[in-house]
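Here are my notes on this one, written to be read with the structure open beside you. Take the points in order and find each piece as you go.

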Amino acid sequence: RRRVLEASQQLTEIINSCLESDTSAESPELTGETEPADEEESALHCLWVDKFTPRRYMELLSDDYTNRCLLKWLKLWDTVVFGKEKAVKKAKPSAEAHPPFSQPKEQQNKWKTKVQLTEEILEAELDQHKRPKYKVALLCGPPGLGKTTLAHVIAKHAGYNAVEMNASDDRSPEVFKTRIESATQMKSVLGANEKPNCLIIDEIDGAPAASINMLLNIIHRKDGEGEAAAGAGRRRRREGGLLLRPIICICNDQ
């Protein structure tokens, strides 16, 4: 046990020295200011998985296409959350004028790749409340793949305050609904760090069916209810229940 501890300490010192040499080579002017004594003290007592976890988008080691798709979907919420207008992409006339092999439109749609279908979904028009067509993203894969890390890094990169909840802990549908609505209401802009919340629901496959139905009811609140309702007061009450923040769900078993 003593030999293992000594070898572990030596390896930790080697890794730390390599990291310090890399950071000093990249930014020599910031070396004396970026690491206070309390951070060094806490770094000595934290797990390696926390110490070396990615902090920025460029540090992610997960699939690059998945990272870009999730970030692109999250940026679709900028219009309703931050008030930014969606950038309009110019159409490619060459691709439309000369379809591959001159196939009919139905044939082309039938044989689209997964990448093309995903790009079309992410480039779809926003609804009447300036929200993306799909309100929830689902990350699935085996444990240790980096799903939760990806969700937190992407949310931070897009300017959100990541709020994480575990669906398998809150077994009551009422508690589940309360936590979702408190994290996704417009008033949350005034919360921590004055950033809007991005809700991350972990272990969504462990939630009971009643909680899943509750989440679906929140997602599928009809966009036309406000216009169909008679009276401005009733319209405001209806629209107050609309989902106005992005939700990222994480599961192991799709």
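This is a predicted model: local features need pLDDT of at least 70, side-chain atom pairs count only at pLDDT 80 or more; totals for chains, interfaces and linings use all residues.

1. You'll find an open sheet of four strands, paired in parallel, and its order is 1-4-3-2. Strand 1 (136–140) and strand 2 (161–166) sit at the edges with a single partner strand each, so one side of each has no neighbour in the sheet. If you look from strand to strand, neighbours are turned against each other by 20° on average, direction ignored.

2. Now zoom in on strand 3 (residues 197–202), which pairs with strand 4 (residues 247–251) in the parallel sense over three bridges. To find your place there, look for Leu-199, whose bridge partner in strand 4 is Ile-247. Strand 3 also pairs with strand 2, again in the parallel sense, this time over six bridges.

3. Is strand 3 mostly covered or mostly open? Mostly covered: six of its six residues are buried. In a regular strand, side chains alternate between the two faces of the sheet. You can follow this along the strand: Asn-197, Leu-199 and Ile-201 point one way, while Cys-198, Ile-200 and Asp-202 point the other way, and all are buried.

4. Next, which strands does helix 10 (residues 173–184) lie across? Helix 10 lies across strand 2, strand 3 and strand 4, and runs at about 150° to strand 3.

5. Let's move on to a pair of helices. Two packed helices are described by the angle between their axes and the distance between the axes. For helix 4 (residues 64–75) and helix 8 (residues 114–122), the axes come within 10 Å and cross at roughly 15°. Angles under 35 degrees count as roughly parallel, so that is the label for helix 4 against helix 8. The crossing of the two is left-handed.

6. Finally, which residues make that contact? From helix 4 come Tyr-65, Cys-69, Lys-72 and Trp-73, and from helix 8 come Lys-114, Val-115, Thr-118, Glu-119 and Leu-122. Sorted by class, the contact of helix 4 with helix 8 has five nonpolar, one polar and three charged residues.

How values were computed:
Residues are numbered from 1 along each chain as its sequence is written. Side-chain values use heavy atoms; hydrogens and water are left out. Axes are lines fitted to C-alpha atoms, for helices over the stretch in contact, and angles run from 0 to 180 degrees between N-to-C directions. Angles under 35 degrees count as roughly parallel, over 145 as roughly antiparallel, 65 to 115 as roughly perpendicular and the rest as oblique. A crossing is left-handed if the near helix is turned anticlockwise from the far one by less than a right angle, and right-handed if clockwise. Contact means heavy atoms within 4.5 Å. Ala, Val, Leu, Ile, Met, Phe, Trp, Tyr, Cys and Pro count as nonpolar, Asp, Glu, Lys and Arg as charged, and the others, Gly among them, as polar. Two strands pair if DSSP finds at least two bridges between them. Buried means under 20% relative accessible area, exposed over 50%, partly exposed in between (1.4 Å probe, protein chains only).
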